[in-house]
Amino acid sequence: MYKIGRNDRCWCGSGKKYKSCHEKSDEANMAEFAAKGYPIPDRSLILEPGQIDGIRKSARVSVAIMDALEDFIKEGVTTNEIDALVSKMTAEAGAIPAPLNYCGFPKSCCTSINDVVCHGIPDDTRLKNGDIINVDVTTILDGYYSDMSRMYTIGDISDEAAKLIERTKEMMFAGIDVIKPYMPVAEIGNTIHDIADKYGYGVVRALCGHGVGLKFHSEPTVNHYRSKAKSMILVPGMVLTVEPMINAGTWDVEVLEDEWTVVTRDGSLSAQWEHTVVVTETGVEILTV
Ligand code: MF3
Ligand code: CO
Ligand code: CO
């Protein structure tokens with residue numbers, strides 16, 4: 001099942017050998033899925049409690065930054081000033097902003113305004129009354145990655161924007177709440193897509209959630225849209241993000257000439273929230289709190 005030696009320490013942190021701890025129950029829980037052709041996670045995707053603690057500490061830095069931005073973000077502030085605050089607080093915590101130089105990304109966080117879906121690059125743009133903005137922060141502390149984003153509002157926003165923001169948050173939490181061990185990861189997207197349909201919103205397909213923790217992006221792929229594909233089975237100790245991007249209009253997006261900024265193709269508003277979570281033996285725990 002897992003590519004873990006039978007004499008290696010069990011993933012659960014008991015300190016016991018795998019063969020005398022979780023090997024049998026893991027096999028029993030996953031045999032049926034494996035037989036049907038669902039991908040089973042590699043041992044490298046199953047983190048031990050000490051590693052999860054490392055991610056939790058990293059997440060504290062990300063959360064502190066997100067909290068500081070609640071007061072900082074207002075009319076007239078530029079996205080470069082947001083980036084500078086993220087950069088400063090990350091450095092003060094002895095951490096590294098993962099986006100900086102990631103595949104050539106030039107800044108420490110992503111700032112995505114109105115019809116920008118994600119990966120907006122901080123610049124001299126000033127926030128104005130009525131704007132909505134997603135700030136996405138990924139912190140590396142002692143080698144452990146935590147990835148999260150929130151929406152912020154500037155002044156008086158439209159009713160349409162306010163509803164999109166609240167409902168996208170509702171979808172993120174619904175996608176998180178459905179997580180339990182020995183479940184195909186596609187259930188997350190199935191849950192989110194059902195709610196989006198109810199509201200008539202578009203679920204972005206081109207970008208997805210992902211495994212995280214020891215790397216910025218790893219398996220499994222976490223789609224936010226409905227899928228019948230045989231997706232990876234989640235097991236305790238897997239760390240991943242749930243980060244639905246929801247458009248007020250259709251799901252379709254395009255990438256601007258800077259090769260990063262993703263916008264809605266129809267120009268409609270887009271919102272996103274992101275948490276890093278760990279699959280537990282009984283369900284799920286949010287780490288970015
Ligand atoms: N933080 C984003 C995510 O949620 C990834 C940003 S990649 C960057 O996966 F290079 F744009 F920073
Ligand atoms: Co992410
Ligand atoms: Co992110």
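**The cobalt site**

Mentor: The arrangement of the six donor atoms around the cobalt ion (ligand 3) is irregular, because the angles they subtend run from 58 to 168°. An octahedral arrangement would need opposite donors over 155 degrees apart and all others between 65 and 115, so the angle of 58° rules that label out. Keep in mind that this is a predicted model.

The protein donors of the cobalt ion (ligand 3) come from Asp-136, Asp-147 and Glu-274. Along the chain, the donor residues follow the spacing D-x10-D-x126-E.

The cobalt ion (ligand 2) is 3.3 Å from the cobalt ion (ligand 3), and Asp-147 coordinates both ions. Asp-136 sits in strand E4 (residues 132-141) and Asp-147 in strand E5 (residues 144-153), so this pair ties together parts that are eleven residues apart in sequence.

Both aspartates are buried. For Asp-147 the relative accessible area is 2%, so this residue counts as buried. Asp-136 has 12% relative accessibility and therefore also falls under the 20% cut-off for buried.

Now the sheet. Three strands make up an open sheet in the order E7-E12-E15, and their pairing is antiparallel. Strand E7 (202-203) and strand E15 (270-272) are the edges, each pairing on one side only. Two bridges join E7 to strand E12 (residues 245-247) in the antiparallel sense. Gly-202 has Asn-247 in E12 as its bridge partner. Helix H4 (residues 159-177) packs on this sheet, where it touches E12 and E15, and its direction makes about 40° with that of E15.

Last, the aromatic side chains. The structure contains five aromatic pairs. One of them is Tyr-199 with Tyr-201, a tilted pair with 5.8 Å from centre to centre and 40° between the planes. Tyr-199 is partly exposed, because its relative accessible area is 25%, whereas Tyr-201, at 12%, is buried. Separately, one aromatic cluster is formed by Tyr-102, Tyr-145 and Phe-216.

Conventions:
Residues are numbered from 1 along each chain as its sequence is written. Chains are lettered from A and ligands numbered from 1 in the order in which they are written. This is a predicted model: local features need pLDDT of at least 70, side-chain atom pairs count only at pLDDT 80 or more; totals for chains, interfaces and linings use all residues. Side-chain values use heavy atoms; hydrogens and water are left out. Donors are N, O and S atoms within 2.8 Å of the metal (3.2 Å for Na, K and Ca); water is not among the atoms, so sites may look incomplete. Four donors count as tetrahedral if all angles lie between 85 and 135 degrees; four count as square planar and six as octahedral if opposite donors are over 155 degrees apart and all others between 65 and 115; anything else is irregular. Helices (H or I, at least four residues) and strands (E, at least two) are DSSP runs, numbered from the N terminus. Buried means under 20% relative accessible area, exposed over 50%, partly exposed in between (1.4 Å probe, protein chains only). Two strands pair if DSSP finds at least two bridges between them. Contact means heavy atoms within 4.5 Å. Axes are lines fitted to C-alpha atoms, for helices over the stretch in contact, and angles run from 0 to 180 degrees between N-to-C directions. Rings of Phe, Tyr and Trp (its six-membered ring) pair if their centres lie within 6.5 Å; planes under 30 degrees apart count as stacked, over 60 as edge-to-face and the rest as tilted.
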